[in-house]
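Open your viewer and switch to a cartoon view.

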Amino acid sequence: MYTTDPIADMLTRLRNAISAKHQSVEIPASKEKIEIAKILLEEGYISEYKLVDAGKFKNIEITIKYDEDGQSVIQGLKRISKPGLRIYSERDKLPKVISGLGIAIISTNKGIVTDKVARNLGVGGEVLAYVW
């Protein structure tokens with residue numbers, strides 16, 4: 001299956017799995033999506049991710065993290081830069097999500113990183129998504 005915006009597809013699959021209270025979700029793998037999954041794991045938004053075989057291709061299986069009340073740790077996901085309208089941010093104008101409580105995922109020339117890491121590296125880039 002071909003999608004014009006694979007990152008939006010990943011975020012939508014995660015959002016749908018969270019609203020349906022699933023424990024995990026499978027997403028077609030790509031290098032970009034694996035980097036986003038790594039960031040979500042490092043920031044504590046998901047429990048784990050792993051690559052699984054799906055015939056000729058690989059999928060990323062993401063285990064969703066819930067708190068003791070059964071609420072997902074991820075409260076919101078929003079795609080910012082889209083194929084039809086790319087959103088870029090300079091290093092001194094990087095967005096803060098909910099006054100620093102959430103993260104912005106930025107694609108830079110140093111790789112895909114969070115807004116905090118991009119500030120420390122002193123680089124700007126394409127604002128892919130917000131997670132809170």
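This tour moves from a sheet to its helices and ends at a hairpin.

Bear in mind that this is a predicted model.

Stop 1: Select residues 24-28, 46-54 and 57-64. These are strand 1, strand 2 and strand 3, in that sequence of ranges. In what order do the 3 strands lie in the sheet? The order is 1-3-2, the pairing is antiparallel, and the sheet is open. Strand 1 and strand 2 stand at the edges, each with a single partner strand, so one side of each has no neighbour in the sheet. Now look at how the strands cross. Neighbouring strands here are turned by 25 degrees against each other on average, ignoring direction.

**Stop 2: strand 1 beside strand 3.** Keep strand 1 and strand 3 on screen. They run antiparallel, and 5 bridges join them. Pick Glu-26: opposite this residue stands Glu-61 in strand 3. Then pick Val-25, which faces Ile-62 of strand 3.

Stop 3: Show the side chains of residues 24-28. Which residues form the covered face? Val-25 and Ile-27 do. Ser-24, Glu-26 and Pro-28 make up the uncovered face.

**Stop 4: inside helix 1.** Hide the rest and zoom in on helix 1. Its 14 residues reach 20 Å from the first C-alpha to the last, close to the 20 Å expected at 1.5 Å a residue. Which residues of helix 1 are buried? Select Ile-7, Asp-9, Met-10, Leu-11, Leu-14, Ala-17 and Ile-18. Bring the surroundings back to see what covers them. The cover includes strand 1, helix 2, strand 3, strand 4 (77-79) and strand 8 (125-131). Now step just past the end of helix 1 to Lys-21, which takes a positive phi of about 60 degrees.

**Stop 5: the hairpin.** Jump to residues 103-108 and 111-114, which are strand 6 and strand 7. They run antiparallel, joined by 4 bridges. How many residues lie between the strands of this hairpin? There are 2. Finish on Ile-106, which stands opposite Val-113 in strand 7.

Technical notes. Residues numbered from 1 in each chain as written. Predicted model: local features only at pLDDT ≥ 70, side-chain atom pairs only at ≥ 80, totals over all residues. Heavy atoms only, no water. Pairing = 2+ DSSP bridges. Axes fitted to C-alpha atoms, helices over the stretch in contact; angles between N-to-C directions. Expected span 1.5 Å × (residues − 1). Buried < 20%, exposed > 50% of the residue type's maximum accessible area, 1.4 Å probe, protein only. Contact = heavy atoms within 4.5 Å.
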